[in-house]
Amino acid sequence: QHSHQHLSTVCTCCRCEATAMSQDNLDDELGIPADASLTHPTTLTAAVALIFEAAPRDASGTNLTDLVTITSSSDSNGDVTVSTQVSLESSIRNDGSSNSPPRSLIVGRQASAADVRVDHKSCSRRHTALYYYTTDDKTVLVVQDLGGKHGTHVDNKRLEKNGKVGIALGEANEHVIHFGNAPCVCRVVIPATKVNGEEIKPQKQDITLAEENEQTKRPQNSLSDAEAINLNSTEQTPTVEEAPTRQSREAQIAAMIASFDADPVYKPYVPPEEEVSGVTGCGLTDTTNNGTGKGTDTTSDQRNNKYNLPITASISLTPGSNSFTSADGTNTPLQANSSVSALCFEPSGGRIVAGHRDGSLRFYDFNGMKPQTSSSSEVSYPPFRIVDSDNDPLDSTGRHVLTCLNPSPSGAQWIVGTTSSQPKVIDREGRTTLFYFLKGDTYVTDSSNTKGHTAGVTGVAFHPLVKDTCWTCGLDGSIRQWDVSGRGKTQFKKLVCQKVVGKCKNEKGQRTQIVSSLSVHPSGRKIVVGTSCGSIQIWNCFGSSVSTRPLGAVYSAHGGTKPVTFVTFSGDGERIASRSDSDDTVRVWDVNRIEKGSGSISRKFNGSKRGGEEEQHSPELLLAICKGLPALNESANCAFGPDGKMLCAGSSIDPRAKVVSSDVCGKIKFYQLPETEKKSKSKEGGPKSSSSASKKETSILDPVVVLNAAPNASVLGVAWHPKLNQVAFGTSNGMIQVLYDNKLSSKGALIAASRSIRQSDGLSELLRSRAPTGSAAYLTSSSAHDNIIVPNALPIFREEPKATRKTKERERKDPEKTKMPEPPVTGGIKTGATVGGGITFSQYVKTNANYGNNKNIAGRDPRAELFKYNEGKSFASKAYEGDIQKVLADKTVEEEEEEMKSRKRPKNK
C-alpha cells in the first residue's frame, strides 16, 4: 500500500518529467482541439468534480488507492473514494510559467503523461481526455476516447474509437464514466451556476448524451463538440447497471417460457424511406402531373422516388488535362472544357465514350476507374485514354469537329463522324483506325453516282445485328451503306460506299440539302432520318437499287420548315422521338402510322396566336409533345427509358444572357409518356369508326422530374443504357455526369462509386518527396533489378524483352514476319530415269551435268562438245527407249484407204 509520502514523491517525479514535455505537441498528438481549455467557465461556482469509487460489481476487494493515483492535489477518503477536478491545477503538465497551458486532463496508465493514473491492464497509456469546449455561447464538458482497445463508457454507452461526447453544464444530473474494464467508476459532479453574481442551484433535467463519431473524418483543430449534445432530449439518462438477482433471473426465464405458448405475431417489413438526391451541387425538383397539364414543384427534401428513376446518386467524369495535344503533327492543345458533342454507352455497358468539339475522343472504363480529388474536395473520375480523331495522314483539310459516334453490336469497333466528309472506323481501344472512308466527287450533283459523301457527316450507326454493316448520312442529303468486313471495295486504301440507301426530298419533291440525324430500327430493317426541311422519313435498308421513295414520312414535323436535328427509335421500335433546335419541344410519333401514310396528310389552319400557319397532325400519329426543352445547339438530343414509358432530355441556357448565378443552370427533365391504346376492330373486321378516334387528343406533357444538372452550362447529349439503367449526360463545359440508383441500377457507375480514394499517409509522402530523380530514380525502381541494359553487348548476351499478348498479335498481322515459305514440289510426275518427285527437271539437269565445273569451250565446236556429255546418258523417258529403227507400220494411211475401197462389194441392181 502507498502512503501519502509516497504519493507526493510520485507526483514530484511525474511533474519533473512532464516539464520537459511540450504541452502543445502532446495535445496536438491526441487530437485535442486548439480552442479546448481546462479553465472552467465563469458561470460555474467551481470546476467539475471527478469522484472515483469502487465498482459495485467488483468482488475482488481491490484497494482503490492502489488502483487510482491522482498525481496532483486530491481529496481521498481512504479506500472508499478518490476525487479531483477538471482544472489546470489537476494537470501535472501545468508548471504555472508556461505560455501554453495544457488543454486537457488525461486519464491513463502511463505515469509520466497521465494526470489521473488508473493502474489496470485494460487501460491504455493515454486512455481518455476531458476538457471544456465553448461554442455558440454554450460550454460543455467533453469526454474524448483516445483509441484504447477496451474503450471508454459514458453512462453504459461505449464511445467509438477516437469518438467523443459532450456533457451539458448547469444540470443536476450525475454521469458515470468507465475506463476499460477497470473495477472502478468515475462520477461526474456538476457544481452550481451563477447568474448575475447570484448562485443558482441547477435544475434537474433529463438529457441524452449523443456520441460524435466523425473524429476520424475531420482534421484536427476543426472539431465541432457542440454537435454532440442534444439539450432538448426527453429520454432518461441511463444509470449503472445493477447486478441481476436470483429472483429477477427466474422471472426472466418464466417469461421466456410463457412466450413459447403464445401465438406468433408477424409484423410487415416497412423499408426505410430514402432521400432522393440529385447531382452534386444541384437541386432536384420533382414535378407531378395532376392531369390538367400543370405540375406541382417540390424540393429535394422529398424522400420518395415513385417513378423509379435512376437519379438518387451520381458520379462525375472529368474530361482530363489540357496537356494533351493533337496527333496531326501540329501539336494543337486539346481543351478540357470543350463541349460534349456526342455521347454513347458501349453495348455491354462496361465503357462510355464521349466526343468533344475539339475533335477528341475520351474513353471511360467503369471497371478500371480510379477516383481522384480536385482542389474543391470533389471526387471525380478521369478518362483512361484520350484519342485524337483527326489522324488521317491523307487528309490535309485541318481539324474537324466530332459530330456523332456509334458502337458495333459486339463493341469491338466504333464508327466516328466529323464535320469532314470522311467518317472512319476505329477499334475498341481507339488506338488503331481500321477503315477510312472515301470522299465523293464534289462536282457530281447526283449523290448516287459518287463513291462517298461530298459534305460533312451528321449521323452514323451500325447494324444492331450485323457487325459488318453500317450507315451514314450527311450534309449532302444522302444515306449511304458501307461494308466494313474487310471484303469491301477500296480505292486509294479507303473504303468505297457499298450503296446509296436513299436520296431525301421535301414535300414538293425537291432534293433535301441536309440529312441531320439517323437512327436504326432495333430489327435493322429500316432507318429513320431527320432533315433540314423539317421532315421525318423512314427508309428501307434492303435492296441493291437506290430507293426514291421512303416507307413513310412526316412533313413539317415541328411546324413549318423548322429543321429536325435529332431522331431516335424507342427500345421496342414502335415510337420515334424527334427534336429541333428551333423550338422547345420533343415530339413522339407512332411508327406504324407514319408507314401507313398518315404523315403525308396534314391540315393547315390559322388558329395560332401569332396568326401564322401551323401544321396540325393526327393525334394517332403525334402521340405526345414534351414541353419546356429549349435547345440552342444541334448536339442536343433525347433518350427513351428501358421500357419506353419514360423519356429524358436536357435543356440549354442562353450563353448570351448577362445573368450568371447558381440559379441559371442546364436541366435534365423526365417525361412520362402515355400508353399506346390497343387497336380495336369492328365486327366487319375493319378499323373502328373515326368518331371515337376523333375524341383522342395529342398529350401535352410537363416534366415529372427536373434535375438542375449543370450550373451556367447547357445539357447537350443524353444516353440511357437499357441494361445498366443509368443515365449519362454531357454538358457544354465538357463535364459528364452519370446518374444511377443503388437498387434500380446494376454495375456501371456502381462499380466506380464503390472504390474509395486511397489515403496517403505521412510516411509515403515523405518518401515521395525525398525520392531520387533522373537516372537514380530508375536504379532504385523495381524494374532496374529485373533486366540490366548493356547497349554495346554482343547479340548473344542481349536479353530481349518478353513478348506480350499484344506484341504477338501485332506480329501476326505483319505480312513480312508471317510470310509462308515456298513448299517443295510434290506429286507423281517424274521426268527422266533417276529424277525424283522432290526436285524439278532443271535442278536435275544442273546437278548431273555439273555445269559448275565445265571448262571454257570458246573456240570449239559446241555441238561436238555437247555430244560428249550425251554418251551413256538418257534425258528421255523409258517409254521412248528401245530400237528406234523398228518399223511402226507397213503401209501409209492413204494406202490403207485405197485397199478398203477396193474391198467394197458392188451394189445389187
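The model is predicted, and local features need pLDDT of at least 70, side-chain atom pairs count only at pLDDT 80 or more, and totals for chains, interfaces and linings use all residues. Residues are numbered from 1 along each chain as its sequence is written, and side-chain values use heavy atoms, leaving out hydrogens and water.

Begin with the entire protein, displayed by secondary structure. There are 13 helices and 55 strands; these are DSSP runs numbered from the N terminus, with helices (H or I) of at least four residues and strands (E) of at least two. Of its 909 residues, 41% count as buried, where buried means under 20% relative accessible area, exposed over 50% and partly exposed in between (1.4 Å probe, protein chains only).

Next, select Ser 556, in the loop between strand 41 (552-554) and strand 42 (566-569). Although Ser 556 is not a glycine, its phi is positive, at about 55 degrees. Ser 556 counts as buried because its relative accessibility is 11%.

Proceed to Asn 712, which sits in the loop linking strand 52 (705-711) and strand 53 (715-721). Asn 712, also a non-glycine residue, has a positive phi of about 55 degrees. Its relative accessible area is 39%, so Asn 712 is partly exposed.

Finally, select helix 13 (residues 893-902), in which Glu 897 lies. Is Glu 897 buried or partly exposed? With 48% relative accessibility, Glu 897 counts as partly exposed.
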